[in-house]
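Me: I have a model open and would like to go through it. Can we take it piece by piece?

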There are 2 protein chains.
Amino acid sequence: MATAKPKAQSERRRRSDGERSRSAILDTAAKLATVEGIGGLSLSRLADDVGMSKSGLFAHFGSKEELQLATVQRANEIFDERVIVPARSASDGLERLRLLTDGYLNYIQADTFPGGCFFASVLSEVDMRPGPVRDRLTDFLSRWLGELESAVRDAQRDGGIDEGEDPAQLVFEIEAAILLANAQYVVLRTSEPIESARRSVERRLAGAHPS
Amino acid sequence: MATAKPKAQSERRRRSDGERSRSAILDTAAKLATVEGIGGLSLSRLADDVGMSKSGLFAHFGSKEELQLATVQRANEIFDERVIVPARSASDGLERLRLLTDGYLNYIQADTFPGGCFFASVLSEVDMRPGPVRDRLTDFLSRWLGELESAVRDAQRDGGIDEGEDPAQLVFEIEAAILLANAQYVVLRTSEPIESARRSVERRLAGAHPS
């Protein structure tokens, strides 16, 4: 019985090292996917980048597709941390909508991923390739647009946005501005498109205010 | 001297067959690039698709990069025919702006390229790969935004758009709507995003009308 505790500790440590290592691999994979494409995310290429053997990586992920899906999952966690969670502190729908759009623009401008928004980058790569990777990305996109639309509906209930506005149309226009900011930022690397998107969203929300 | 005319005719025919064939190859290449990526546009893959030998293709294009650049050039010609030229019939700046945005949305919805707008598709692929292909695409994008901005400035001069509007900001907002229409259309294949973009542009132009 005297050895039970140390053994449990050592197992915990090993498991936790494994988790850390898995998470570090996936952070690298997610960044690489926005530069080389998620299709270029081969186990051998990633093994070079994280300094592991291909067989060591294979112990973590059984196949290229499992690695791709785990990478999308990790990018989703990062997106949630950076964009979704901070908006939860909002006291009303309009403030939540602003925190979500600001959060997205900050996540772009902070170079969270070298090739801009992970989801915009990878979805435009796989949009013509049906399969589990594309499915996860379109699921993400539906949740993201749903998150924005729920904030709009809350804002309509608590008086921040006019009830006559069509929530889906308003979300389309907001998403359009922040997505173009991402596309232009990746090419230009200046804050100009980010500022254009902020002005666009602010003007649109001012126009949607109950009169 | 009796043979001169037939010989000239035959040379003309041969040259014209070559042009037709080159143009047919590039049409296929441009379509393929929006599905497989312009990086996947290898001479051997394209040779299979157009039913030519790799050496036959090599006679047209000396290298993969030359093929890629010629493909961008051909996509540009198609874009001009579909979007830029029809807008020349406009009688004022505002009408030209509407014809340009309608032309773009029609070019998407007509499935001109299977993977949506050639330029949006390929630029998002090569945005992290500096080189001649990316340069041609960013040149295209500057000309396109310049075309929209010139229509806005003309509309400001002839009274269709308020002089207080910042042309670059207005163009950003219009481009945002039609580019999101493209991104969503590729995934959804319904007219909904196209209609959302039309409503967005019309609302924005109504708001920009001189009061």
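The chat below goes through the chains, their contact and some single residues.

Me: What kind of model is this, and how are things numbered?
Reply: This is a predicted model, in which local features need pLDDT of at least 70, side-chain atom pairs count only at pLDDT 80 or more, and totals for chains, interfaces and linings use all residues. Residues are numbered from 1 along each chain as its sequence is written, and chains are lettered from A and ligands numbered from 1 in the order in which they are written.

Me: What is the secondary structure of chain A?
Reply: Chain A has nine helices and zero strands. Helices (H or I, at least four residues) and strands (E, at least two) are DSSP runs, numbered from the N terminus.

Me: And what does its C-alpha trace span?
Reply: About 70 × 45 × 30 Å along the principal axes of chain A.

Me: How much of chain A is buried?
Reply: 39% of its 211 residues. Buried means that 20 or more other C-beta atoms lie within 10 Å of the residue's own; 12 or fewer is exposed, in between is partly exposed, and C-beta atoms are placed from the backbone.

Me: Which residues have the most contacts inside the largest nonpolar core?
Reply: A:Ala29, A:Ala177, A:Leu180, B:Ala29, B:Ala177 and B:Leu180, in a core of 112 residues. Such a core is a set of buried Ala, Val, Leu, Ile, Met, Phe, Trp, Tyr and Cys residues joined through C-beta atoms within 7 Å.

Me: How many residues are in contact between the chains?
Reply: 24 residues of chain A are in contact with 24 residues of chain B. Contact means that the C-beta atoms, placed from the backbone, lie within 7 Å.

Me: Which helix of chain A gives the most to that side?
Reply: H8(A), with eleven residues. Helices H6 (118–126), H8 (167–188) and H9 (192–207) of chain A each supply at least two.

Me: And how do the residues on that side of chain A divide?
Reply: Into eleven nonpolar, eight polar and five charged. Here Ala, Val, Leu, Ile, Met, Phe, Trp, Tyr, Cys and Pro count as nonpolar, Asp, Glu, Lys and Arg as charged, and the others, Gly among them, as polar.

Me: What does B:Ala177 touch?
Reply: Not counting residues up to four places away in sequence, B:Ala177 touches A:Glu173, A:Ala176, B:Ala197, B:Ser200 and B:Val201.

Me: Back to H6(A). How many of its residues are buried?
Reply: Nine of its nine residues, so H6(A) is mostly covered. Among them are A:Phe118, A:Phe119 and A:Val126.

Me: What about B:Ala120, buried or exposed?
Reply: B:Ala120 is buried, with 22 other C-beta atoms within 10 Å. B:Ala120 is found in helix H6 of chain B. Leaving aside neighbours within four places in sequence, B:Ala120 is in contact with B:Leu179 and B:Asn182.

Me: At what angle do H5 and H8 of chain B pack?
Reply: Helix H5 (residues 93–109) and helix H8 (residues 167–188) of chain B pack at about 10 degrees, with their axes 10 Å apart. That makes H5(B) roughly parallel to H8(B). Angles under 35 degrees count as roughly parallel, and the axes are lines fitted to C-alpha atoms, for helices over the stretch in contact, with angles running from 0 to 180 degrees between N-to-C directions.

Me: Where is B:Ile38?
Reply: In the loop between helix H1 (4–36) and helix H2 (43–50) of chain B. B:Ile38 counts as buried, with 27 C-beta neighbours inside 10 Å. The C-alpha atoms of B:Ile38 and B:Glu125 are separated by 7.8 Å, and the two residues are 87 apart along the chain.

Me: Last one. What is the phi of A:Arg189?
Reply: About 55 degrees, a positive phi although A:Arg189 is not a glycine. Most residues other than glycine have a negative phi. A:Arg189 is found in the loop between H8 and H9 of chain A, and counts as exposed with 11 C-beta neighbours inside 10 Å.

Notes
Two residues are in contact if their C-beta atoms, placed from the backbone, lie within 7 Å. Angles under 35 degrees count as roughly parallel, over 145 as roughly antiparallel, 65 to 115 as roughly perpendicular and the rest as oblique.
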